[in-house]
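I opened the notebook with the sequence and the model side by side. My plan was to look things up one chain at a time.

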Amino acid sequence: MKILIVDDERDVEMLFRQKFRKEIKTGGLELVFAFSGQQALDILSETDPPQVVYVFSDINMPGMTGLELLEKVKTKFPNINVSMISAYGDTENYNKAIKSGAKEFFTKPIDFDSLRKEITALLN
Amino acid sequence: MALENLIAFFLLNYLRKNFDKPEPFPNTNRLLIIGMAVAAFLGLLGASDVGPRFLTSLLSLLLMGALIYGILTLPSFSKGRPIVAAILPYVSITFLAEFGQILFPSTYSGVEALFETAEFFAFIWAVAQWWISRRQRKALEVQRLIAEQKERELVLTEKIKAQLEIEVAERTADLTKQKEELEKALTDLKATQEQLILAEKMASLGELTAGIAHEIQNPLNFVNNFSELNHELLDELEQAAEKGDTDEIKEIIQDLKNNEEKIVSHGKRAEGIVKSMLQHSRKESGKKEPTDINKLADEYLRLSYHGLRAKDKSFNATYKTDFDPNLPQLEVVSQDIGRVLLNLINNAFYAVGGKEAKEAAQSRGGEYVPTVTVTTKKLPKKVEIRVIDNGPGIPDEIKDKIFQPFFTTKPTGQGTGLGLSLSYDIVKGHGGELRLQSDLGKGTEFVISLPSI
Ligand SMILES: [Mg+2]
């Protein structure tokens, strides 16, 4: 089960890898990381169909924003789930995301318990 | 004895008209008129031969004598002296001839011809004297007229001078007043300028508030996340220690260390942002200190980006950096150079965020990727920082004005028009240069060059 995390902050990788260490070791979870929207699209396009089943994306990134990425992913790969993780949890961002087909909207600082729930639900 | 008395008569009349003040006698005028009457009377007597000739001649002599004596001795009659000088020989000779004729008729008849000759020469003398004195008087008159003219001119000059002095005083007062007004205006302007500079500082800071909050929130989140992780790892470490699993223990300790490093670095990152924000809003100008320009540029680039993003959700642009790793530290007032960077970067984002650049790119058939690039480069004796955008570019007619205070192309209320002029002053103040290159439709490049000693 491959999940793609998109965030312009590189330390997110280290954080996620530790937080989901158990799931990675034993639960069949595989995490891949992209640090820009473009990089995320590149990863998704590597194989056809893409191996990634779920994308968690930051919104506020230089270049392509998370919301733009959401739209592109949803048009190209409608089957992939996309959830947003943003420090800006305002209604404007929220509504835009949901309207564009986002599954969930998580706010920063990330509540890893609810995130874990979302991921384990997917794993089972 | 008619001529002598006639002379006395005219002489008296002349004195009456020409004597100087103060009057030598209480009633000088009347006295002289009486003298004239006496002279006229004696003259008539002498001409008509009515009275005894000797008495008439003697009285005439006394009158003439008194008159000449008065003229020669009284200062008030000094104007009569030239006349006396003219007539004295003639009068003396005629009186001598008269008394000679009366007292010694026989002797006189022998020398009558001599007297007549003397009388003739005395007459010539009188005429010559009269003529000379007339010329002198005329010369004096001319001199007097000249003097009077000069006097009048002097008076006039004095008048003009006085007038001028009044005018000068008035003008001086006007100028002093104007000077004071100008000085006040200047003071007001300086105060306003200071307020504007502060307002500009605050405006650029205000634009960034949300971005700053975001920029602080991100590292703080990491600090919290990694701390939380370490907390969990410590629990796991405890369990591993109980089991005595040394490999596991070593692995966990390594993770703990790595996380600890992350906590420190993100803590420092947040601290740096708060520091630069405080420095930016500080009112007094800071001190020059060794500054890592790459770090400063990166910080402000992020602040600007997130600030603008937070303000306008539709705003989006890419930023790139190309920092020279060999850049030397520069002695600069970091918050001032930070302001310059912030200003240029904000402007660059503003330029690429507008519709113009997008439309221009799309009309050429390309996809527009609004991009702001910040580069640094070490050069001999200086460092160049470039803030590059691929916005619409700056028209030539605006290029010249762009560093002028209060010049802005932004809509009213959106820009103070001071950003670039302040930036220019700051860079100049550091002995550097701020210049721009711009191609319409392609973009703009601001180049800050700072001396690196
Ligand atoms: Mg982000």
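This is a predicted model: local features need pLDDT of at least 70, side-chain atom pairs count only at pLDDT 80 or more; totals for chains, interfaces and linings use all residues.

Chain A, overall. I checked how much of it is buried. Buried residues make up 53% of its 124 residues.

Chain A, fold. I found 6 helices and 5 strands. Along the sequence they run β-α-α-β-α-β-α-β-α-β-α. I looked at contacts in chain A with a separation of 6 or more: 66% of them join residues 24 or more positions apart.

Metal site. Which protein donors does the magnesium ion have? I listed A:Asp8 (OD), A:Asp58 (OD) and A:Asn60 (O), at 2.2 to 2.4 Å from the ion. Their spacing along the chain reads D-x49-D-x1-N. A:Asp8 sits in the loop between strand 1 (2-6) and helix 1 (11-19) of chain A, and A:Asp58 sits in strand 3 (residues 52-58), so the pair ties together parts that are 50 residues apart in sequence. I checked burial here too: A:Asp8 and A:Asp58 are both buried.

Chain B, helix pair. I turned to helix 1 (residues 2-18) and helix 3 (residues 53-73) of chain B. They pack at about 35°, with axes 10 Å apart. Their crossing is left-handed. Helix 1 of chain B contributes residues including B:Leu11 and B:Leu15, and helix 3 of chain B contributes residues including B:Met64 and B:Leu67. By class, I noted 9 nonpolar, 2 polar and 1 charged residues in this contact.

Technical notes. Residues are numbered from 1 along each chain as its sequence is written. Chains are lettered from A and ligands numbered from 1 in the order in which they are written. Side-chain values use heavy atoms; hydrogens and water are left out. Axes are lines fitted to C-alpha atoms, for helices over the stretch in contact, and angles run from 0 to 180 degrees between N-to-C directions. Helices (H or I, at least four residues) and strands (E, at least two) are DSSP runs, numbered from the N terminus. A crossing is left-handed if the near helix is turned anticlockwise from the far one by less than a right angle, and right-handed if clockwise. Contact means heavy atoms within 4.5 Å. Ala, Val, Leu, Ile, Met, Phe, Trp, Tyr, Cys and Pro count as nonpolar, Asp, Glu, Lys and Arg as charged, and the others, Gly among them, as polar. Buried means under 20% relative accessible area, exposed over 50%, partly exposed in between (1.4 Å probe, protein chains only). Donors are N, O and S atoms within 2.8 Å of the metal (3.2 Å for Na, K and Ca); water is not among the atoms, so sites may look incomplete.
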